[in-house]
Amino acid sequence: MTQIIDGKIISKQIKDELKQTVDKLKTENKEITLAVIQVGNDPASSVYVNNKKKACAYIGINSLSYELEEKVKETELLELIYDLNDNPIVNGILVQLPLPSHINEDKIINAITPMKDVDGFHPQNVGAMCIGGQGFVSCTPAGVIQLLKRSQIEIAGKECVVVGRSNIVGKPMSLLLLKENGTVTIAHSKTKDLKEVTKRADILVVAVGKPKFITNEYVKEGAVVIDVGIHRDDNNKLCGDVDYEAVYNKVSAITPVPGGVGPMTIAMLMNNCVVSALNF
Ligand code: NDP
């Protein structure tokens, strides 16, 4: 029987655990605050931002909302970040990406103090993750590790293949699997014979950004498949980077889309806010 790894249930468990911690902090008069900055009003970004605010409300984290015009100057955005960096009530700063093309994303990420970088994108936090130091870990890959651990799926000693090497998913994902003692291979668009590589995987994490790209012939019998992708198919239905129906009977466990990795990203963002309040 194929195990369906349910991100809705697991993310709810994590949020409930965090809520308990936040309630306890409140009895000590400690509040947690996340500043959320959105530039422009891209509908997809608005959905993500609203979901993050809803999660904050559920857990008891205060959210401060900054909605900036699409044509806001880079310097103005930087000024706001510097103010929030210095504001002692703010524990986390989140700038919803992507940003309009006239704003340099790297410059914005680098401007957030690493101690409030709850997205885990600042080079200092990425570096800390590489060498096993303390810092914030990027939310989607951290969520995948929680999905595996809380589903009692052993990572140590397993052949792990990550398809995709982006800074926000593929690269940090591979480092986290390595930290858990997986034997990790990273595949990308220049990989020769991708099927041969993915078929070696006991744990296959797919972050390729192409709808239903991974089909039956890419997976080994009994593999665990984690699908990070999120798309709308021709019928406007949500789907992932994996052809779920095609691989379902071949694998031992799989994440659905929606309801797999997606809800975990927000849960781990909330976790990072709580960690920030506890540690800094
Ligand atoms: P990117 O587009 O930044 O990266 C895609 C990666 O896939 C690249 O490294 C690219 O290789 C690789 N790739 C592309 N084509 C192929 C191919 N034919 N064979 C092998 N590798 C290939 O995407 P992201 O990492 O940002 O996101 C991946 C997916 O995850 C998207 O669907 C995105 O929407 C989703 N996502 C979901 C989140 C969630 O919370 N559920 C959060 C973040 C992303 P190369 O480097 O060589 O170009």
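What are the helix and strand percentages over residues 138-277, and how far apart are the end C-alpha atoms? Over this stretch the chain is 35% helix and 17% strand, with the end C-alpha atoms 17 Å apart. Helices (H or I, at least four residues) and strands (E, at least two) are DSSP runs, numbered from the N terminus. The model is predicted: local features need pLDDT of at least 70, side-chain atom pairs count only at pLDDT 80 or more, and totals for chains, interfaces and linings use all residues. Residues are numbered from 1 along each chain as its sequence is written.

**View 1. Domains and annotated regions.** The domain assignment gives domain 1 (28-118) and domain 2 (139-262); such bounds come from an automatic or database domain assignment. The C-alpha centres of domain 1 and domain 2 lie 29 Å apart. An unreviewed UniProt entry lists "domain: Tetrahydrofolate dehydrogenase/cyclohydrolase catalytic" at residues 5-119. Residues 5-119 are 50% helix and 16% strand, and the end C-alpha atoms are 24 Å apart. The feature "domain: Tetrahydrofolate dehydrogenase/cyclohydrolase NAD(P)-binding" is placed by UniProt (unreviewed entry) at residues 138-277. UniProt positions are in the numbering used here, feature names are shortened, and annotations may be inferred rather than shown by experiment.

**View 2. The largest nonpolar core.** This core has 80 residues, and those with the most contacts inside it are Val205, Val206, Val225 and Met270. Helix H10 (residues 261-279) supplies the largest share, 10 residues. At least three residues come from each of domain 1 (28-118) and domain 2 (139-262). A nonpolar core is a set of buried Ala, Val, Leu, Ile, Met, Phe, Trp, Tyr and Cys residues joined through C-beta atoms within 7 Å. Buried means 20 or more other C-beta atoms within 10 Å of the residue's own, exposed 12 or fewer, and partly exposed in between, with C-beta atoms placed from the backbone. Leaving aside neighbours within four places in sequence, Val225 is in contact with Leu204, Val219, Val242, Val247, Val251 and Ile254; contact is taken as C-beta atoms, placed from the backbone, within 7 Å.

**View 3. Packing of H6 on H10.** Helix H6 (residues 139-150) and H10 pack at an angle of about 105 degrees, with their axes 8 Å apart. H6 is therefore roughly perpendicular to H10 (angles under 35 degrees count as roughly parallel, over 145 as roughly antiparallel, 65 to 115 as roughly perpendicular and the rest as oblique). Axes are lines fitted to C-alpha atoms, for helices over the stretch in contact, and angles run from 0 to 180 degrees between N-to-C directions. Residues of H6 including Cys139, Val144 and Leu147 meet a set in H10 that includes Val261, Met268 and Asn272.

**View 4. Surroundings of Pro141.** Pro141 is found in helix H6. Pro141 counts as buried because it has 29 C-beta neighbours inside 10 Å. Beyond four places in sequence, Pro141 is in contact with Val169, Pro172, Met173 and Leu176. Pro141 and Pro172 are 31 residues apart in sequence and 6.4 Å apart in space, C-alpha to C-alpha.

**View 5. Backbone details in loops.** The peptide bond from Leu97 to Pro98 is cis, with omega near 0 degrees, and Pro98 lies in the loop between strand E4 (92-95) and helix H4 (105-111). Val257 and Pro258 are also joined by a cis peptide bond, with omega about 0 degrees. Asn29, not a glycine, has a positive phi of about 60 degrees. With 6 other C-beta atoms within 10 Å, Asn29 is exposed.

Note on methods. Two residues are in contact if their C-beta atoms, placed from the backbone, lie within 7 Å.
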